[in-house]
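Let's take a walk through a protein model together.

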Amino acid sequence: MLEKIFSMPKPIIGMIHLKPLPGSPNYDPAVYDMKKIIEFAVEEAKILEEAGINGLQIENYWDEPFLKGEKIGYETCTSMTAAACAIAQNVNIPIGINVHMNGGKAAMAIACAAGARWVRVFEFVSAYISYTGLTEGVGGELARYRRMLDAKDVQMFCDVNVKHGSHYIVHDRTVGELAYDAQEQGADSIIITGFSTGVAPTREKVAKARKNIKIPVLLGSGINIQNAQELLAVSDGAIIGSAFKTDGDMKKKMSFQRARDFIKEVEKLR
């Protein structure tokens, strides 16, 4: 499934973290209006493409504190669509959409409008406690929404035991069992993370997640040039944010050299 999108093994997806969007508490048009937000995002996208990154995931990362999926506003969807369309028009690598928090249907709508190839879903099946409280699986609604939009080419990349939350409510289910549940309910790929941004999952956790499933497993946090060989050896690709920023700091600008050095390391595994 991944090779249909990326045409290569072990694709590396870079994150485009959009500046605070209209409607979010930190939106400041005097600093970054929509024109500047889009210009900044396109600039970062071009840097990642030039460095050899294979795809881009566009997120409203700085819209904190986040809303639950069903409460995400029209202003967020339209702003993200405008940014995603601009990025897609300026790069030749595929894009995907992630809308915080667990905004699967919003992401699917944006993906259809912008020609994105996948959406990321933090909780596809089951439930956990996230920043926004009880966050329940949206797989049933999302699968039906994709069918209604005739968006069968938009893949669903689904987290299992995702970062930034408590999974005690399902502590009697192993990560392998949760991954199997997601596969059986229609996930196209599984994403495995550590417990927060910049923290990698263990090799053991990744191995357990993929043991009894047939769909691809992607790494979703904390992957860097130091652990790439170890973790990519047991996975099918990675989604990377902070490792490509200057000094590895999420708040700083994109670094061409860090991204390029990482890709050179990955090429040894392909």
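**Starting at the surface**

Our first stop is S7, which counts as exposed because its relative accessible area is 60%, over the 50% cut-off for that label. Keep in mind that this is a predicted model. To find S7, look in the loop between α1 (2-6) and β1 (12-17). Now find N54 as well: S7 and N54 are 47 residues apart in sequence, yet 9.1 Å separates them in space, going from C-alpha to C-alpha.

Next, let's look at a pair of helices. Two packed helices can be described by the angle between their axes and by the distance between those axes. Here, helix α3 (residues 74-90) packs with helix α4 (residues 104-114) at an angle of about 40 degrees, and their axes are 9 Å apart. The crossing of α3 past α4 is right-handed. On the α3 side, C77, M80, T81, A84, C85 and A88 make the contact, while α4 brings in A106, I110, A113 and A114. What classes of residue make up this contact of α3 with α4? There are 9 nonpolar residues and 1 polar one, with no charged residues.

Last, let's go looking for empty space. Rolling a probe the size of a water molecule over the atoms shows where such space is left. In this model the count is 1 cavity of 30 Å³ or more, and the largest cavity holds about 80 Å³ of space. Its lining includes E123, D159, H167 and L178. The elements giving two or more residues to that lining are β7 (155-160) and α6 (175-184). Sorted by class, the lining has 6 nonpolar, 3 polar and 2 charged residues.

Methods. Residues numbered from 1 in each chain as written. Predicted model: local features only at pLDDT ≥ 70, side-chain atom pairs only at ≥ 80, totals over all residues. Heavy atoms only, no water. Axes fitted to C-alpha atoms, helices over the stretch in contact; angles between N-to-C directions. Helix = DSSP H or I, 4+ residues; strand = E, 2+ residues; numbered from the N terminus. Left-handed = near helix turned anticlockwise from the far one by under 90°. Contact = heavy atoms within 4.5 Å. Nonpolar A, V, L, I, M, F, W, Y, C, P; charged D, E, K, R; others polar. Buried < 20%, exposed > 50% of the residue type's maximum accessible area, 1.4 Å probe, protein only. 1 Å grid on protein atoms, 1.4 Å probe; cavity = no way out; pocket = protein on both sides within 12 Å on 5 of 7 lines; lining within 4 Å. Points joined across faces, edges and corners; volume = space filled by probe spheres on them.
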